Amino acid sequence: MLTELKVDDGVVLPDEASLYLTAIEDAEYKDDKIEFWNNVYGFDMSCIKKQAMMEPLVDTVDQKQIVTNCHLLKTMDISKMVLGDASFTAPFKLIAERDDYIHAFVAYFDVSFTKCHKLMGFSTGTRSRATHWKQTVLYLEDVLTICEGETIIGSMTVAPNKKNPRDVDIMVKYSLSGRRCVVSRVQFYKMR
């Protein structure tokens, strides 16, 4: 059971965290690991594909795969968080930086140590030095065809799972109304 702990003279480090979202082209991996379930040595095991789609992948993403800008979803002052602050809904707007396909959203975080004598921090983003936290890849049911300058709008809802608070439930609503692709969808993920 989670309880609230209050300490008046303590310091929590890192004390600030920011969560970001971007979108990537990732046809090769999606074909190998997700579409694979449609034909497993001649057997239709597509029922497993649905489960595979719901589980975010924690992996390193090559920055060359990034198709859109990176959007700041939320910044949290960790030192002042209370129960319930880990649950949130944040809107996003991702703008395509080139013509390409989008197979997944990618979430990553930056942290800062602002209470130190010298400001320090690090990023788990794709354009930063790799960390063991990597990035979180959320594969899309649709393959989006997007042209430079087109926009994906949506929102991401994040909350601890009610049965197991160590798991995270994620809901992503997104829509694209482009020249080559029109889609509006809600997808659910469970991070274990």
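Author: Glutamate 141 and arginine 185 meet through their side chains in a salt bridge, 3.0 Å from N to O. This is a predicted model. The pair links distant parts of the chain. Glutamate 141 sits in strand S7, arginine 185 in strand S10, and 44 residues separate them. How exposed is glutamate 141? Its relative accessible area is 49%, so glutamate 141 is partly exposed. The cut-off for exposed is over 50%. Arginine 185 also counts as partly exposed, because its relative accessibility is 27%. The bridge belongs to a network: salt bridges link Glu141, Asp142 and Arg185.

The structure holds nine salt bridges. Another one joins glutamate 150 to arginine 179, with the closest N and O atoms 4.0 Å apart. Glutamate 150 lies in the loop between S7 and S8, and arginine 179 in the loop between S9 and S10, so this pair ties together parts 29 residues apart in sequence. Glutamate 150 counts as buried, at 10% relative accessibility. Arginine 179 counts as exposed, at 64%.

Aspartate 100 and arginine 98 form a further salt bridge, 2.8 Å from N to O. Aspartate 100 is at 18% relative accessibility, so it counts as buried; the limit is under 20%. Arginine 98, at 28%, counts as partly exposed.

Now the aromatic contacts. The structure holds seven aromatic pairs. In one of them, tyrosine 29 and tyrosine 139, the ring centres are 6.0 Å apart and the planes meet at 5°, so the pair is stacked. It links distant parts of the chain: tyrosine 29 is in helix H1, tyrosine 139 in strand S7, 110 residues apart. Tyrosine 29 is partly exposed, with a relative accessible area of 26%. Tyrosine 139 counts as buried, at 4%.

Phenylalanine 92 and phenylalanine 105 make an edge-to-face pair, 5.5 Å centre to centre with 70° between the planes. Phenylalanine 92 lies in strand S4 and phenylalanine 105 in strand S5, so the pair ties together parts 13 residues apart in sequence. Both count as buried: phenylalanine 92 is at 3% relative accessibility, and phenylalanine 105 is at 0%. Ring pairs also bring in Tyr174, making a cluster of Phe92, Phe105 and Tyr174.

On the surface, Phe36, Tyr41 and Phe43 form a nonpolar patch, with about 410 Å² of accessible area together. Phenylalanine 43 is found in the loop between helix H1 (27–33) and helix H2 (46–54). Its relative accessible area is 58%, so phenylalanine 43 is exposed.

Last, the annotation. An unreviewed UniProt entry places the feature "domain: Protein arginine N-methyltransferase" at residues 15–177. That span is 10% helix and 47% strand, and its end C-alpha atoms lie 39 Å apart.

Conventions: Residues are numbered from 1 along each chain as its sequence is written. This is a predicted model: local features need pLDDT of at least 70, side-chain atom pairs count only at pLDDT 80 or more; totals for chains, interfaces and linings use all residues. Side-chain values use heavy atoms; hydrogens and water are left out. UniProt positions are given in the numbering used here, feature names are shortened, and annotations may be inferred rather than shown by experiment. Helices (H or I, at least four residues) and strands (E, at least two) are DSSP runs, numbered from the N terminus. Patches are made of residues with over 30% relative accessible area and no salt bridge: like charges are joined within 9 Å, nonpolar side chains (Val, Leu, Ile, Met, Phe, Trp, Tyr) within 5 Å. Accessible areas come from the Shrake-Rupley method with a 1.4 Å probe; for residues, only the protein chains shown count as cover. Buried means under 20% relative accessible area, exposed over 50%, partly exposed in between (1.4 Å probe, protein chains only). Rings of Phe, Tyr and Trp (its six-membered ring) pair if their centres lie within 6.5 Å; planes under 30 degrees apart count as stacked, over 60 as edge-to-face and the rest as tilted.
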